[in-house]
Amino acid sequence: MTTVHRVLFPHPIESLDEYVKAGGGDGLEAAKQVEPDTLIAEIEASGLRGRGGAGFPTGTKWRTVAENRSLEAPATVVVNGAEGEPGTFKDRTILRINPYQVVEGALIAARAVGADGVILALKEAFGPEVHRVREAVKEIEDAGWADGVELIVFEGPSEYLYGEETALLEAIAGRDPLPRIAPPFRRGVKEVVETAADAASESGLSAHVEMAGPDSDTAAAPTLVDNVETLANVPRIIARGAAWFRTEGTEKSPGTIVCTVTGSTRHHGVGEVIMGTPLREVIEELGGGPRPGARIKAVMIGVSNALLPGALLDTPVTYEDLAAAGSGLGTGGFMVFDDDDDLVAVTAGVSRFLAVESCGQCTPCKQDGLALSGLLAGLSRSDQSENPLASIESLVSTVANESRCYLATQHQTVVASLLERFPDEVQAHAGITPRAAAVEPALVAELLDIENGGAVVDVGHAEKQPDWSFDETDSGKAPADHLGDHRADSGTST
């Protein structure tokens, strides 16, 4: 297997002129020659699915936004560049190498859904990416590509939940990155939350959001949110056609995907592969395969999917095949573990990460999540005086109760997969079989970079408290209970 270069160019594109020489701008020019509905139909025909983790059909999302246009206000396109999934570094790699294609894709999307603004939402901590995107935006504006569409670069907070679609829109609106209950493709950029009484209004939505459209009472337009990699695919689809896009990949997962391989491999890396490539080949190509003399025991795909046993390494990298294998494709971040790795310690690390990053709006997610994290940490250290498995299983069954976002389900999924797929390791740490050696929970956190073939993990996350502070002790308050409604450092835009 060799890597391909549809969206992850083999070398950095240093200027708009260089991008144009490589075919850049052809998609936007083609988009200007047809009606918006034709653009949506082409994306639908391509079968492009969102590369942000859920794999939702992009054309369906675009059409829904277009069909719910407001009669009084234009829509907005938001580029979700708030990458924070542990084990994933693909969006930042795309932005570093070629941000122009992402902006071009967003401008095409704006034409398709009738938007007059594009917001490129990154994290303030993403220094190199923010710089590249700002420079690209300036060049594109100077070249007249924006054509009446306002381009804004927004720098948001560092929290994991900032990448969740509704939390992203909350942050852009000047509020904290807290997920809300709202319909798909909800308005989020310009609406105003008036009072807490809105939560009890007839809409039943925490932000009192309704969809626009001919039969709606609201004038607020919907907002289209798409991932960086998703939009990077758009220019060539429009320039070359849906049939061209489908020349690679499978029927249900056409095209390519940019993957990240880290963990117990010879080296770490990011690369673009054809959908349907066996996972084993992806690990060989991007990570050099397992460490010398080692055997891959499991692969964790971000912190959103079930652990995949090493026996399933020949599973094709597609949404449908990884789902059939009892896991998922997510953002294509593959963390590899071999026989020297303790999966109880790894799962304890995932549990801690998710429990800390929970906002606390949903009590089971935060409180059961923290309790679950504590039990798994104790299990990893083999220091339980009593068998904790019954308590762990009970918490796994309740942690996702009444959750408004997917974080609690992630917690449930990962821990349940450890219990179901690696019971021998669990029982050894619980003392049911000869007791396993004590192991500290692994550090599972966002990647800061990949340098010289090695992943740079955010070690500072080990000091983050469940209240989202870095104080010596946790306040005991959930972030949702103490963050300001309009905190000054929630983000900046220009």
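Predicted model: local features only at pLDDT ≥ 70, side-chain atom pairs only at ≥ 80, totals over all residues.
Residues are numbered from 1 along each chain as its sequence is written, and side-chain values use heavy atoms, with hydrogens and water left out. Local features need pLDDT of at least 70, side-chain atom pairs count only at pLDDT 80 or more, and totals for chains, interfaces and linings use all residues.

Strand E7 spans residues 296-301; helices (H or I, at least four residues) and strands (E, at least two) are DSSP runs, numbered from the N terminus. Of the 6 residues of E7, 6 are buried, where buried means under 20% relative accessible area (1.4 Å probe, protein chains only). Two strands pair if DSSP finds at least two bridges between them. E7 runs antiparallel to strand E9 (residues 333-338), to which 5 bridges join it; there, Ile296 has Asp338 as its bridge partner. E7 is also joined to strand E8 (residues 308-309), again antiparallel, by 2 bridges, and Ala298 stands opposite Pro309 in E8. The hairpin of E7 and E8 has 6 residues between the strands, and Gly302 in this hairpin takes a positive phi near 65°.

The helices come next. Helix H3 (residues 36-46) packs with helix H4 (residues 58-67) at an angle of about 155°, their axes being 7 Å apart. Axes are lines fitted to C-alpha atoms, for helices over the stretch in contact, and angles run from 0 to 180 degrees between N-to-C directions. H3 and H4 are therefore roughly antiparallel to each other, a term for angles over 145 degrees.

How values were computed:
Buried < 20%, exposed > 50% of the residue type's maximum accessible area, 1.4 Å probe, protein only. Parallel < 35°, antiparallel > 145°, perpendicular 65-115°, else oblique.
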